[in-house]
Amino acid sequence: MASDAKSAAAFRTIGEVAQATGLAPHILRYWESRFPQLRPVTRAGNRRYYRPDDVALVERIDRLLNREGYTIKGVQQLLAREPGPSPTPTPASTAAAATPTLIAIRDLLARAIADD
């Protein structure tokens with residue numbers, strides 16, 4: 001992602017991010033409206049500057065939507081559940097992690113019904 005002219009920690013303009021990711025700038029602006037986690041720094045004239053973490057999030061959203069088949073709503077829910085930056089869980093590992101919780105809820109409900 002990093003160009004030869006900038007360090008890896010440098011801020012990127014929306015054009016640079018668009019060129020590096022292959023996404024159109026209007027897609028990046030749309031994603032900003034749909035994903036509250038994606039908030040590039042804005043300067044005078046509403047110029048957007050993406051931090052390295054923002055660029056990583058754009059790449060992650062792109063991967064989830066365009067390669068792994070998630071919907072916008074699915075990615076929104078996935079990102080909302082996360083307390084902070086962390087590796088992307090695979091759909092299979094997410095289901096496996098949710099299973100003990102669902103079993104515990106089922107058992108709790110079964111005991112409540114049995115007590116009545």
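**Entry 1. Terms and conventions**

Two strands pair if DSSP finds at least two bridges between them. I took helices (H or I, at least four residues) and strands (E, at least two) as DSSP runs, numbered from the N terminus. The model is predicted, and I kept local features at pLDDT of at least 70 and side-chain atom pairs at pLDDT 80 or more, whereas totals for chains, interfaces and linings use all residues. Residues are numbered from 1 along each chain as its sequence is written, and side-chain values use heavy atoms, with hydrogens and water left out.

**Entry 2. The chain as a whole**

I recorded five helices and three strands in the protein chain. Along the sequence they follow the pattern β-α-α-β-β-α-α-α. I then looked up burial (buried is under 20% relative accessible area, exposed over 50%, partly exposed in between, with a 1.4 Å probe and protein chains only). Of the 116 residues in the protein chain, 27% are buried. The accessible surface, from the Shrake-Rupley method with a 1.4 Å probe, comes to about 7600 Å² for the protein chain, and 58% of it belongs to carbon and sulfur atoms. For contacts I used heavy atoms within 4.5 Å. Of the contacts between residues at least 6 apart in sequence, 44% join residues at least 24 apart.

**Entry 3. The sheet**

In which order do the three strands of the open sheet lie? I read S1-S3-S2, with antiparallel pairing. The edge strands, S1 (12-13) and S2 (41-43), each pair on one side only. Two bridges join S1 to S3 (residues 47-50), and three bridges join S2 to S3. I noted Arg12 opposite Tyr50 in S3, and Thr42 with Arg48 in S3 as its bridge partner. 

Helix H3 (residues 52-66) packs on the sheet and touches S1 and S3. The direction of H3 makes about 85 degrees with that of S3; axes here are lines fitted to C-alpha atoms, for helices over the stretch in contact, and angles run from 0 to 180 degrees between N-to-C directions.

**Entry 4. Thr13**

Thr13 lies in strand S1. Is Thr13 buried or exposed? I count Thr13 as buried because its relative accessibility is 18%. Apart from neighbours within four places in sequence, Thr13 is in contact with Arg47, Arg48, Tyr49 and Tyr50. I also looked up the C-alpha to C-alpha distance from Thr13 to Thr42, which is 10.0 Å for two residues 29 apart in sequence.

**Entry 5. The hairpin of S2 and S3**

This hairpin has three residues between the strands, and Gly45 takes a positive phi near 75 degrees there. Asn46, in the loop between S2 and S3, has phi near 55 degrees, a positive value in a residue other than glycine. Asn46 is exposed because its relative accessibility is 60%.

**Entry 6. The largest nonpolar core**

I next examined the nonpolar core (a set of buried Ala, Val, Leu, Ile, Met, Phe, Trp, Tyr and Cys residues joined through side-chain atoms within 4.5 Å). The largest such core has 19 residues, of which Leu28, Trp31, Tyr50, Val58, Ile61 and Val75 touch the most other members. Two or more residues each come from H1 (14-21), H2 (25-34), H3 and H4 (72-81). H3 gives the largest share, six residues. In soluble globular proteins, nonpolar side chains tend to be buried together. For Leu28, leaving aside neighbours within four places in sequence, I listed contacts with Ile14, Val17, Ala18, Leu23, Leu38, Tyr50 and Val58.

In H2, I found Leu28, Trp31 and Glu32 buried. They lie on the same side of H2 because they cover an arc of only 105 degrees around the axis; the arc is that of the directions from the helix axis to the C-beta atoms. The buried residues of H2 pack against H1, S3, H3 and H4.

Which residues of H4 are buried? They are Gly74, Val75, Leu78 and Leu79. These buried residues fall within an arc of 125 degrees seen down the axis of H4, so they line one face of the helix. An α-helix has 3.6 residues a turn, so residues three or four places apart point the same way. The cover over the buried residues of H4 includes H3. On the face of H4 turned away from its buried side, I noted the exposed residues Lys73, Ala80 and Arg81.
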